Amino acid sequence: MSTELSLLINGDKVAGQDAAFDVINPATEAAIASGRMASVEQLDLAVAAARQAFQSWRKTTDAERTALLHRIADTIEANADELARIIVQEQGKPLFLAQMEVGGAVAWTRYNADLEIPVKLIEDSEHKRIEGHRKPLGVVASITPWNWPLMIAIWHIIPALRTGNTVVCKPSGLTPLNTLRLVEIINEVLPAGVVNLVTGEREIGEAISRHTGIDKVIFTGSTPTGQAIMANAAGNLKRLTLELGGNDAAIVLPGTDVDAVAEGIFQTAFLNMGQTCAALKRLYVHDSLYDALCTKLAEIANAQVVGDGLAEGTSFGPVQNANQFRRVCELVEDAKVQGGSILSGGAPVDGKGYFYPPTIVADVSNGVRLVDEEQFGPVLPVIRYQDIDEAIRLANDCPFGLGGSVWGPDLDQANDVARQLECGTVWINGHAEVLPHAPFGGCKLSGVGVEFGVEGLLEYTQLQVVNINR
């Protein structure tokens, strides 16, 4: 695969005018595409195209938008194999997981297509009727990360379109190919200028967050970048949805059947090789179960087949990029120095590619970097606790609050513990399950606003109250 990258502005493919960059296959470390980033002037053109298209797109009816979004879903489905293979080559995940990502993108598009934008009746009396209507904001900028390049682009773009906004999207420079193909697909269905794409890194990201022609930014990524976006967006008081870092804790209660929960814990901790915002990243296990669960998790980890995502039989792919790979290595080495016991993995795989096997680290606790910092990779620290209040305190001793979970047979007890966790979503006997109809967002330093469901959809709208005197 060798591709020349382009931007997509007002329906036309154009070459970027700024710095050159390559897209690297993390399984081989070979360049699979090259191109140039957008200049700030090209961003201005994309925003102008979106603002012009907004004048007509905002007037389309709900029924027209619903039908068009279903056509987009149909076209994604028709190109599913191509999209999945692009994901594997630029992001690294195994093909079966990339196929699930494409399937999820289709399902999310169809769900949002059918969502109704509510009109709220505030008062209906003899002399007055008051209604709350929802209007589109204008131009929405989407900034996406490298871990789920297709799915997160869908999460950002489709609700914006459903509510009558136009879009300028900027994918991660590490994984732009899938988003570019998605925007090409969307442009086969929608009028020119409704969805545009620019590439770039910090300079373009800063220009987006400051741009007075952009009315909302939705960003998924690191907390420091989200904080910079929030500061830069103050100029025209942009609406913001920020889904930021997480260091999700899980608590396994005494009395839990280790054999029943181990596979679920492993899969939700190592989903996408641990490169998922809402993955389980810190595991607190009661002393009575600690050794047994650690042993079981290590057995599952050692059974994984690490390799190229396109190779038959691969169940576990590479870390997506060199910087993240180095961070994972650094955190594991630090945990060893701090007394951590490596029960599986613990060192990079020899040869080309950013391969790091699923690693279980025991005998660590809060105060060790691997526990305190979001690793965002294939490593799970397992922390021993003696009483439940201690576990809750340790789980909450974190500046992030995206997700959390409680695992145990007594649902009343699990629910009581769950309600004490400081996070936007808490799961019981599960983790990392995001659904199109369930709002999802973080607290503390994990974000602002929510995505998904009607609540997420309405974040792309402005409330207008219509006050009628009869």
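Visitor: How much space lies in the second largest pocket, and what makes that a volume?

Guide: About 420 Å³ of space lies there. This is a predicted model, in which local features need pLDDT of at least 70 and side-chain atom pairs count only at pLDDT 80 or more, while totals for chains, interfaces and linings use all residues. Residues are numbered from 1 along each chain as its sequence is written, and side-chain values use heavy atoms, with hydrogens and water left out. A volume is the space filled by probe spheres set on grid points, which are joined across faces, edges and corners.

Visitor: Why is a space called a pocket, and what counts as lining?

Guide: On a 1 Å grid over the protein atoms alone, a pocket is an open set of points where a 1.4 Å probe fits, with protein on both sides within 12 Å along at least five of seven lines; lining residues have an atom within 4 Å of a point. The second largest pocket has 19 such residues, and Trp148, Trp155, Leu271, Ala432 and Val434 lie nearest its centre.

Visitor: Which helix gives the most to that lining?

Guide: H4 does, with four residues. Helix H4 spans 95-114; a helix is a DSSP run of H or I, at least four residues, numbered from the N terminus.

Visitor: What makes residues of the second largest pocket's lining nonpolar, polar or charged?

Guide: Ala, Val, Leu, Ile, Met, Phe, Trp, Tyr, Cys and Pro count as nonpolar, Asp, Glu, Lys and Arg as charged, and the others, Gly among them, as polar. By these classes the lining has 14 nonpolar, two polar and three charged residues.

Note on methods. Helix = DSSP H or I, 4+ residues; strand = E, 2+ residues; numbered from the N terminus.
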